[in-house]
Amino acid sequence: MRLGKFGTFGMLFLINMGVGSAVAQIHSASEPIEIRGQVRFASNGTPVPNIVVRLEAVSGGVVNEEVTDRLGKFRFSSLSPIQYFVTVRLSGYREVRREVNLIMQSSEEVQ
């Protein structure tokens, strides 16, 4: 997923979701549900630290916000198995927003 600064500069937004089987199935009670990801510039792959990443329920409402670490990584843990939006904003760039469905699967990679 790319954020473009009017075309030439961009940001790549990678999300790795969940832990466990990649097969779609109902979550077990003990299975952790989380969203992990990394924000990087698309032009050169450089991580983007100190960017706010917002997690919202598709049904409405902000669930949490995290700030990327020095490697551009973020993590939302102890989540409910619902649908979410993950949003990244950076001044001068287009907003990136991804829908993440954690209802039936515990592991997925979105680029």
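Let's start with Glu56, which is buried, with a relative accessible area of 15%. Here "buried" means under 20% relative accessible area, "exposed" means over 50%, and "partly exposed" is anything in between (1.4 Å probe, protein chains only). Keep in mind that this is a predicted model, where local features need pLDDT of at least 70, side-chain atom pairs count only at pLDDT 80 or more, and totals for chains, interfaces and linings use all residues. Residues are numbered from 1 along each chain as its sequence is written, and side-chain values use heavy atoms, with hydrogens and water left out.

The side chain of Glu56 meets that of Arg97 in a salt bridge, at 4.0 Å from N to O. Glu56 sits in strand β4 and Arg97 in strand β8 (residues 96-101), so this pair ties together parts that are 41 residues apart in sequence. Arg97 itself is partly exposed, at 41%. A salt bridge here is a side-chain nitrogen of Lys or Arg within 4 Å of a carboxyl oxygen of Asp or Glu. Strands (E, at least two residues) and helices (H or I, at least four) are DSSP runs, numbered from the N terminus.

Arg54 is in β4 (residues 52-57) and Glu65 is in β5 (residues 62-67), so the pair links distant parts of the chain, eleven residues apart. Both ends are partly exposed: Arg54 has a relative accessible area of 24%, and Glu65 comes in at 38%.

Next up are Glu34 and Arg36, whose side chains meet in a salt bridge at 2.5 Å, N to O. Glu34 is buried at 7%, while Arg36 counts as partly exposed at 32%.

## The nonpolar core

What about the greasy side chains? In soluble globular proteins, nonpolar side chains tend to be buried together. In this model, the largest nonpolar core has 15 residues, and Ile35 and Leu79 have the most contacts inside it. Such a core is a set of buried Ala, Val, Leu, Ile, Met, Phe, Trp, Tyr and Cys residues joined through side-chain atoms within 4.5 Å.

Which elements give two or more residues to this core? They are β3 (35-40), β4, β6 (73-76) and β7 (83-88). Of these, β7 gives the most, with three residues.
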